[in-house]
Amino acid sequence: MADGLTQVTDATFADEVLANDLPVLVDFTADWCPPCRQIAPVLAAVASEEAHRLKVVALDVDHNPQTQAAYGVLSMPTLMVFRGGQPVKSMVGARAKARLLRELSEVL
């Protein structure tokens, strides 16, 4: 799991993500996933630097299968941006910070 990110669960997803005033980037992740560990520091940096306009959270798919299934997440890491309670962008796989910020600029 990415250090510095809020951990969300099936039980807290609606309050933390869907009801949030800011856009929320959800990292669908798993402990056994090497690319998830690779992108963790990138997500922590983005969470810190973009806190004024974006919330970044992590959801462990092994412990929260309901949310994973509800959004059809099959590959880890999947990064999904929610705005106004709806998914507006989905990205699969680890990526460099510059690329992630470029991709996020479309929805922020």
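The questions and answers below walk through the sheet, the aromatic rings and the disulfide of this structure.

Visitor: What kind of model is this, and how are residues numbered?
Guide: This is a predicted model, in which local features need pLDDT of at least 70 and side-chain atom pairs count only at pLDDT 80 or more, while totals for chains, interfaces and linings use all residues. Side-chain values use heavy atoms, with hydrogens and water left out, and residues are numbered from 1 along each chain as its sequence is written.

Visitor: In what order do the five strands form the open sheet?
Guide: Strands here are DSSP runs of E with at least two residues, helices are runs of H or I with at least four, and both are numbered from the N terminus. Two strands pair if DSSP finds at least two bridges between them. The edge strands, each pairing on one side only, are strand 1 (6-8) and strand 5 (86-92). The pairing is mixed, and the order is 1-3-2-4-5.

Visitor: Which residue of strand 3 stands opposite Thr6?
Guide: Strand 1 and strand 3 (residues 55-60) run parallel and are joined by three bridges. The residue of strand 3 opposite Thr6 is Val57.

Visitor: How many bridges join strand 4 to strand 5?
Guide: The two strands form a hairpin with two residues between them, and Gly84 in the turn has a positive phi of about 60°. Arg83 stands opposite Gln86 in strand 5. The strands run antiparallel, and the bridges that join them number six.

Visitor: Which residue of strand 4 is the bridge partner of Phe28?
Guide: Strand 2 and strand 4 run antiparallel, with five bridges joining them. In strand 4, the partner of Phe28 is Thr78.

Visitor: At what angle does helix 4 run to strand 5?
Guide: Axes are lines fitted to C-alpha atoms, for helices over the stretch in contact (heavy atoms within 4.5 Å), and angles run from 0 to 180 degrees between N-to-C directions. Helix 4 (residues 97-105) lies across strand 2 (24-29), strand 4 (78-83) and strand 5, and its angle to strand 5 is about 155°.

Visitor: Why does the pair of Phe13 and Phe82 count as edge-to-face?
Guide: Rings of Phe, Tyr and Trp (its six-membered ring) pair if their centres lie within 6.5 Å, and planes under 30 degrees apart count as stacked, over 60 as edge-to-face and the rest as tilted. Phe13 in helix 1 (residues 13-18) and Phe82 in strand 4 are 69 residues apart. Their ring centres are 5.5 Å apart, and the pair is edge-to-face because the planes stand at 80°.

Visitor: Which residues form one aromatic cluster?
Guide: Tyr71 and Phe82 also form an edge-to-face pair, at 5.0 Å centre to centre and 85° between the planes. Tyr71 lies in the loop between helix 3 (65-70) and strand 4, so this pair ties together parts that are eleven residues apart in sequence. The cluster consists of Phe13, Tyr71 and Phe82.

Visitor: Is Tyr71 buried, partly exposed or exposed?
Guide: Buried means under 20% relative accessible area, exposed over 50%, and partly exposed in between (1.4 Å probe, protein chains only). Phe13 is buried at 4%, and Phe82 is buried at 1%. Tyr71 has a relative accessible area of 25%, so Tyr71 is partly exposed.

Visitor: How far apart are the sulfur atoms of Cys33 and Cys36?
Guide: A disulfide is a pair of cysteine sulfur atoms within 2.5 Å. Cys33 and Cys36 are both buried, and their link is right-handed, with 85° about the S-S bond. The sulfur atoms of this disulfide are separated by 2.3 Å.
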